[in-house]
Each structure stands twice: as structure tokens, then as C-alpha cells.
Amino acid sequence: MVMDKNGLQTRIERMCIERGLKMTGQRRVIARVLSEAHDHPDVEELYRRAAALDGRISVATVYRTVRLLEENGILERRDFGGNRARYEATEEGDHYHLIDVESGQVVEFTHAAHAELLRRITAELGFDLVSHRLELFARKLPDVPEEQTARLAQTERKGRSRP
């Protein structure tokens with residue numbers, strides 16, 4: 001059983017075991033790296049982090065593992081621009097991404113009114129909303145201080161501001 005720094009099995013490893021995936025030592029390291037990520041890393045960044053923990057891990061192993069985790073619904077591929085796929089663990093609940101087109105920073109947030117509006121619209125059209133995504137691409141306003149943006153995002157945001 002792979003443990004995180006607090007001695008607990010990582011969320012991604014639990015998801016792998018629940019889906020019947022064999023957990024090799026290298027997959028455990030990759031699962032740990034993904035579970036500890038506070039950003040949306042691409043495969044090359046995952047490889048750098050995993051190789052720092054276990055020098056025997058190859059970039060090919062990381063690519064294969066990411067594909068396997070994606071095929072099994074454990075990871076989700078995101079395209080935030082920049083011609084590279086980035087990944088995050090599949091999560092329950094609604095959350096959205098705001099991408100700063102200048103810096104590439106990704107801010108995850110929730111917004112209850114938006115989610116409710118989408119449920120209402122789908123119900124009016126005779127459907128039950130199963131899932132949805134929202135990715136906002138924006139440019140930071142020059143007259144808004146960074147502290148104000150961070151403070152306001154804290155009230156509705158899920159997770160952390162992610163580079």
C-alpha cells in the first residue's frame with residue numbers, strides 16, 4: 001500500500017485498486033505524484049516529479065500509466081491551450097477552470113448559481129444533467145491588484161490557484 005506523506009493511501013491508488021488495476025511500484029509512485037499535485041501537470045512534468053522519487057521510471061512508463069488511468073476514469077485530460085494535454089484526478093462535484101491566457105495560471109472554483117442554472121435549463125429541455133465542464137479563458141484586468149483577485153477567488157474557489 002502506498003502512503004502519502006501523512007501515512008494514508010493516496011486517493012488515486014484507492015481508485016486504481018477499486019477498478020482492479022495492478023499496482024506496480026512505479027504506478028504507485030506516479031499515483032503519489034498525481035495525488036500530491038496542486039496543479040494540472042502534463043506528462044513531461046509528471047515524469048520529472050516521478051523520476052525524482054524513483055530514477056528507474058521512464059517517460060514511456062508515465063505515458064502508459066497516464067493513458068491507463070485516463071481509460072479507467074481515474075484521470076481527466078484537460079486542454080488549457082499551449083499545445084499540451086494536462087491532467088487532473090477525476091473528481092465528484094462541479095468545479096470550473098479559469099485560465100489566465102497571459103500566464104497560463106489555472107484557478108479552480110465552484111459557483112453554485114451557475115450549476116443550478118445549468119440544471120434548470122436541462123430540466124426545462126426535458127433532460128437530467130449528468131455532467132458539465134466550464135473553462136473560462138481570460139486576461140487579468142490591469143487595475144485589479146493580485147491580492148484582491150486571490151481574496152475574491154477564495155470565497156468560491158475549490159482547491160488552489162494552480163500555475
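**View 1. Lining of the largest cavity.** C16, L21, M23, R27, I30, A31, T65, L68 and L69 form the lining of the largest cavity. Two elements, α2 (25-36) and α4 (59-71), each give two or more residues to this lining. By class, the lining residues comprise seven nonpolar, one polar and one charged. Nonpolar here covers Ala, Val, Leu, Ile, Met, Phe, Trp, Tyr, Cys and Pro; charged covers Asp, Glu, Lys and Arg; the others, Gly among them, count as polar. The volume of the largest cavity is about 50 Å³, and the count of cavities of 30 Å³ or more is one. A cavity is a set of points, on a 1 Å grid over the protein atoms alone, where a 1.4 Å probe fits but cannot get out; lining residues have an atom within 4 Å of a point. Grid points are joined across faces, edges and corners, and the volume is the space filled by probe spheres set on the points.

The model is predicted: local features need pLDDT of at least 70 and side-chain atom pairs count only at pLDDT 80 or more, while totals for chains, interfaces and linings use all residues. Residues are numbered from 1 along each chain as its sequence is written, and side-chain values use heavy atoms, with hydrogens and water left out.

View 2. R32 and E36 are joined by a salt bridge, with 3.4 Å between the closest N and O atoms. The term denotes a side-chain nitrogen of Lys or Arg within 4 Å of a carboxyl oxygen of Asp or Glu. Both residues belong to helix α2 and are four residues apart, about one turn of the helix. Helices (H or I, at least four residues) and strands (E, at least two) are DSSP runs, numbered from the N terminus. R32 is partly exposed at 30% relative accessible area, and E36 is partly exposed at 31%. Buried means under 20% relative accessible area, exposed over 50%, and partly exposed in between (1.4 Å probe, protein chains only).

**View 3. The salt bridge of R56 and D54.** The side chains of R56 and D54 form a salt bridge at 3.0 Å, N to O. R56 is exposed, with a relative accessible area of 68%, whereas D54 is buried, with a value of 10%.

**View 4. A salt bridge between two loops.** E102 pairs with R139 in a salt bridge whose closest N and O atoms are 2.4 Å apart. E102 lies in the loop between β3 (96-100) and β4 (106-109) and R139 in the loop between β5 (135-138) and α6 (146-156), so the pair ties together parts 37 residues apart in sequence. Both E102 and R139 are exposed.

**View 5. A salt-bridge network.** Salt bridges link E45, R48 and R49 in a network. The whole structure contains six salt bridges.

Definitions and conventions:
1 Å grid on protein atoms, 1.4 Å probe; cavity = no way out; pocket = protein on both sides within 12 Å on 5 of 7 lines; lining within 4 Å.
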